[in-house]
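Here's a quick briefing for anyone meeting this structure for the first time. Have a look at the sequence and the model, then read on.

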Amino acid sequence: MKREYTMNSSKQFLENIKNKSPLVHHITNYVTVNDCANATLAIGASPIMTAQIEELEDIISISSALVVNIGTMDKIEAFLTAPKIANAKNVPVILDPVGAGASKKRNEVIENMLINSKFAVIKGNLSEILSIAGISANTKGVDVSEDDKNTGIMKTSQIATKLAKTYNSVIIVTGKDDIVADENNAYKISNGVAYMSKITGTGCMSASILGSFIGANEDYLTSSIIAISTMGIAGELAYEKTKNIGSGSFRVSLIDNLSMMNEKIFEKYAKIEKIF
Amino acid sequence: MKREYTMNSSKQFLENIKNKSPLVHHITNYVTVNDCANATLAIGASPIMTAQIEELEDIISISSALVVNIGTMDKIEAFLTAPKIANAKNVPVILDPVGAGASKKRNEVIENMLINSKFAVIKGNLSEILSIAGISANTKGVDVSEDDKNTGIMKTSQIATKLAKTYNSVIIVTGKDDIVADENNAYKISNGVAYMSKITGTGCMSASILGSFIGANEDYLTSSIIAISTMGIAGELAYEKTKNIGSGSFRVSLIDNLSMMNEKIFEKYAKIEKIF
Amino acid sequence: MKREYTMNSSKQFLENIKNKSPLVHHITNYVTVNDCANATLAIGASPIMTAQIEELEDIISISSALVVNIGTMDKIEAFLTAPKIANAKNVPVILDPVGAGASKKRNEVIENMLINSKFAVIKGNLSEILSIAGISANTKGVDVSEDDKNTGIMKTSQIATKLAKTYNSVIIVTGKDDIVADENNAYKISNGVAYMSKITGTGCMSASILGSFIGANEDYLTSSIIAISTMGIAGELAYEKTKNIGSGSFRVSLIDNLSMMNEKIFEKYAKIEKIF
């Protein structure tokens, strides 16, 4: 289905988060988990973090979305179990396959997840998405490698679309420009600043913001477009304010700007373009 | 025993923390553990975090208080073992039963803890305390549910007092107003702002502040009153300073205000009222 | 070999981090892990955190340095395994034996590590280093105890040098003044402020900064001198800015100052003195 994103939908999507305050269950790494919780609260949703196997069923039952981030690879049983439970309960799942390609074990876990569960959204940088696409990728830890940065917007959009069809998911490829695609549509988001990679957790927080939008709104493609743009705008405004102070203040201001986000700010700064 | 809280006791209680710098052992969740450590340091105590079973005995031996927070439910063996060791060594234990009622597993763990160990203080929001009291509670993750907010101050105080008698603990029920009770006395603390729930960790940090006061002072009821009021005052002052900036700055300012707390600020802002 | 540190080497050492952006693998505690990641990024390196045994080989293969911090004692198998892998791959390892002496289990783990692996740098406060040296030390949790503070600079330097020879490592003893020593040389670094112990993580972040310098530079002694001085300078500048605000702002400013560090700031503030 061809789709058109309309800028003024942001108002409703943002309000739905604030009105419903969806519970966003995170199974995530121990590095940025506090940032994820604060980002979720800042945008108006409610976070819960647990990977305790025996309570996954109960917790997912009261959740509106599940975010799975494999960053520290320390909750593998939960990575594999929770999405299946969420699928059975129609709770949408966001997958953040951090460091895909960086180790055989990560690839094995991700493959297992993709075979056994359905994801509403899969979000990664180009290295990670290429790794998932089975295209040889050079991964340097959790950051994108230099070689992968040269893949063009159109080519990236096509890879994303193909992957979206394969996994029946919205695919997000983060980078200088971000690509958000389903099987028929691809959008380019040009918000954000390079400085966002000077702190840890911006990618993880993006997944939390995604979980917040998707937990409160039924349209996953539009939710993803708005979520990714929202995160980028918060980064731009934080950078404007703190670029001469440093990365500690940038991190604080990023959360500040997420907590102050509204449709006026969004509509003023959002840079969203349809690719096809 | 009937008790009267006198405002000017805050000076001695705060000074005792700074002079003794009690070691507060935390067995806590991985979401807000950094906030807990910084809150503990800010008020003048010294934090240590470990749930490694084989060293619990040694660590508790050098600690002045133990805080057990079950938030992420990932250290169940330590939740059950550490309070027993602390009891044997006369180290007071603070229980923060995060998300009580949210899963059968949590309830089972909490029940096990309450049967086998004694707690100096049990602190929770109304849903959590009602869950412990065995009164049907509607728990939505780790936040209090709407239905429970209507329970009145007097009724809450009576529930707290009854629970205090059952478990021989000081019971703290957090909310718009906080209730601190032992088996004969109940106090209402009216410090704090709603915005404190806009960041993660304010409840967990309260438990750390409790551990700091109780680790340095023998009177648990007065310690609890001052600790809860201290946390609320820090929240009020932080909100005044950052309400137009955002939740990232609020979080930073909350720690700032804990680190600057003294008896003058306390006596100026504390709102403590005896219920019975 | 006798060595002379020359101040103007800081330019090259700092630039090497920014140019190479070394991947610094951390196996560390869950309390300050976020601070470690942000400190690593602030100075220009790239952090990765994982203790998943099956992927250690792959991750260490792409890393330029490994930092092992035993703070929360929850990754013992990785503490023991990772340094061996790193040794086999010539990846330098920094050991931060947090709380050495605080429990028998910690001592056992540290002894096991020291017997089976080689460390490029071992960094601890005086209690921890004395514990490693097998000299009776009074450890109070993770902070240095009062009794140990009286050991003089010369005596500390001699202990460090002896330990450096035993373990073929650079030894760092942190304190009011910090000592950096190899088997023939000892330097005193007089940067830093006492207020750094008012927040959690400054010691852990120092190890991350060490990992960043050592991952990008081959001279471990000079790297250690510059790293420890860098951290102290960032603390001094942060304290100047925030001493009347509080410890939350101090923590933010510390990261700010790490991210703004350059050779001009370094050369202006560094206080480095050769002991022998």
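**Where the chains meet, and where the rings sit**

B:Lys105 and A:Glu54 join side chains in a salt bridge, 3.1 Å from N to O (that is, a side-chain nitrogen of Lys or Arg within 4 Å of a carboxyl oxygen of Asp or Glu). Keep in mind that this is a predicted model, where local features need pLDDT of at least 70 and side-chain atom pairs count only at pLDDT 80 or more, while totals for chains, interfaces and linings use all residues. Residues are numbered from 1 along each chain as its sequence is written, chains are lettered from A in the order in which they are written, and side-chain values use heavy atoms, with hydrogens and water left out.

**Chain B against chain A**

- The rule finds three salt bridges across this interface.
- Chain B brings 32 residues to the contact and chain A brings 31 residues, with contact meaning heavy atoms within 4.5 Å.
- About 2400 Å² gets buried between chain B and chain A, 51% of it on carbon and sulfur atoms; buried area is the accessible area (1.4 Å probe) that two parts lose on being put together, summed over both.

**Charges over rings**

- B:Lys75 puts its charged end over the ring of C:Tyr30, 4.7 Å from the ring's centre (the rule: NZ of Lys or CZ of Arg within 6 Å of the ring centre and within 35 degrees of the ring normal).
- Over the face of A:Tyr30 you'll find C:Lys75, at 4.7 Å from the ring centre.

**Aromatic pairs**

- Counting over all chains, there are nine aromatic pairs; rings of Phe, Tyr and Trp (its six-membered ring) pair if their centres lie within 6.5 Å, and planes under 30 degrees apart count as stacked, over 60 as edge-to-face and the rest as tilted.
- C:Tyr5 and C:Tyr187 make an edge-to-face pair, because their planes are at 80°, with ring centres 6.4 Å apart.
- C:Tyr195 is buried at 18% relative accessible area, whereas C:Tyr239, at 27%, counts as partly exposed.
- In chain A, one aromatic cluster is formed by A:Tyr195, A:Tyr239 and A:Phe250.

How values were computed. Buried < 20%, exposed > 50% of the residue type's maximum accessible area, 1.4 Å probe, protein only.
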